[in-house]
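Thanks for asking me to look this over. Please have the chain open beside you as you read my comments.

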Amino acid sequence: MMDNYDESDMVYCPYNKEHKMLRKKLQQHILKCRVIYKDTVELMVCPFNKSHLIPEPEFFQHTKSCEDRNIIVHYQTSAPAVLNEDTRHPKIESEENWDDDDSVPDYDPQVYCSTADIVREPNGLFPAQRKAFIEQEKRRHFGQDYKEEKPPKAKSRSDPYEPRKPFSRRQ
Ligand SMILES: [Zn+2]
Ligand SMILES: [Zn+2]
């Protein structure tokens with residue numbers, strides 16, 4: 001192998017150990033592999049900045065070189081950052097596409113109210129309003145011609161042929 005470079009100058013691609021290159025070429029190489037492997041690697045959240053989503057192969061290197069690391073280290077001088085399970089970012093599922101789901105129509109409260117066979121409760125109304133509301137609801141259910149059916153009037157007590165009783169009991 002005609003290798004003019006010192007082995008210490010050679011680095012491996014974090015995405016594929018088959019990729020070996022000069023350290024100074026790594027940054028440019030990673031840009032390509034980042035695209036090639038973007039669907040197969042997991043993204044992880046940087047412990048120094050939650051807006052950094054780092055492909056797992058680059059994660060360790062990132063935690064050492066993150067630009068926000070210095071700010072944190074400035075305040076917590078002792079312990080190094082603990083990388084726990086919480087820093088793992090769940091892989092985004094691409095199979096589900098909610099935009100294609102036509103089975104649930106958009107909810108239109110106006111249409112719903114006028115078509116649904118529901119009885120709206122006249123809560124929180126004054127008695128007069130409540131009565132008007134109930135009338136309105138009955139017409140809504142039975143038609144505009146609906147009128148409250150009054151029970152037939154009881155026979156007048158002045159009817160001379162009806163014997164007067166001390167207590168009239170409803171049948
Ligand atoms: Zn590579
Ligand atoms: Zn970061």
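1. First, some ground rules. This is a predicted model, in which local features need pLDDT of at least 70 and side-chain atom pairs count only at pLDDT 80 or more, while totals for chains, interfaces and linings use all residues. Residues are numbered from 1 along each chain as its sequence is written, and chains are lettered from A and ligands numbered from 1 in the order in which they are written.

2. How far can you trust it? The mean pLDDT of the protein is 73, with 50% of its residues at 70 or more; pLDDT is the predictor's confidence in each residue, from 0 to 100. Confidence is highest in strand β3 (residues 43–45), at a mean of 96, and lowest in helix α4 (residues 109–115), at 53. Where pLDDT is low, the predicted coordinates should not be read in detail.

3. The secondary structure comes to 5 helices and 4 strands, in the order β-β-α-β-β-α-α-α-α along the sequence. Helices (H or I, at least four residues) and strands (E, at least two) are DSSP runs, numbered from the N terminus.

4. Of the 171 residues, 5% count as buried. Here buried takes 20 or more other C-beta atoms within 10 Å of the residue's own, exposed 12 or fewer, and partly exposed lies in between, with C-beta atoms placed from the backbone.

5. Helix α1 (residues 23–36) has 14 residues, and the number buried is 0, so α1 lies largely in the open.

6. Which residues of α2 are buried? They are Pro57, Phe59 and His62, and the buried residues of α2 pack against β3 and β4 (53–55). Gln61, also in α2, is partly exposed because 13 other C-beta atoms lie within 10 Å. The C-alpha atoms of Gln61 and Pro14 are 9.1 Å apart, although 47 residues separate them along the chain.

7. Glu67 sits in the loop between α2 (56–65) and α3 (69–75). With 11 C-beta neighbours inside 10 Å, Glu67 counts as exposed. Its C-alpha atom is 8.6 Å from that of Phe48, 19 residues away along the chain.

8. Finally, helix α5 (residues 127–142) has 16 residues and reaches 22 Å from first C-alpha to last, close to the 22 Å expected. After α5 comes Gly143, with a positive phi near 115°.

Notes
Contact = placed C-beta atoms within 7 Å. Expected span 1.5 Å × (residues − 1).
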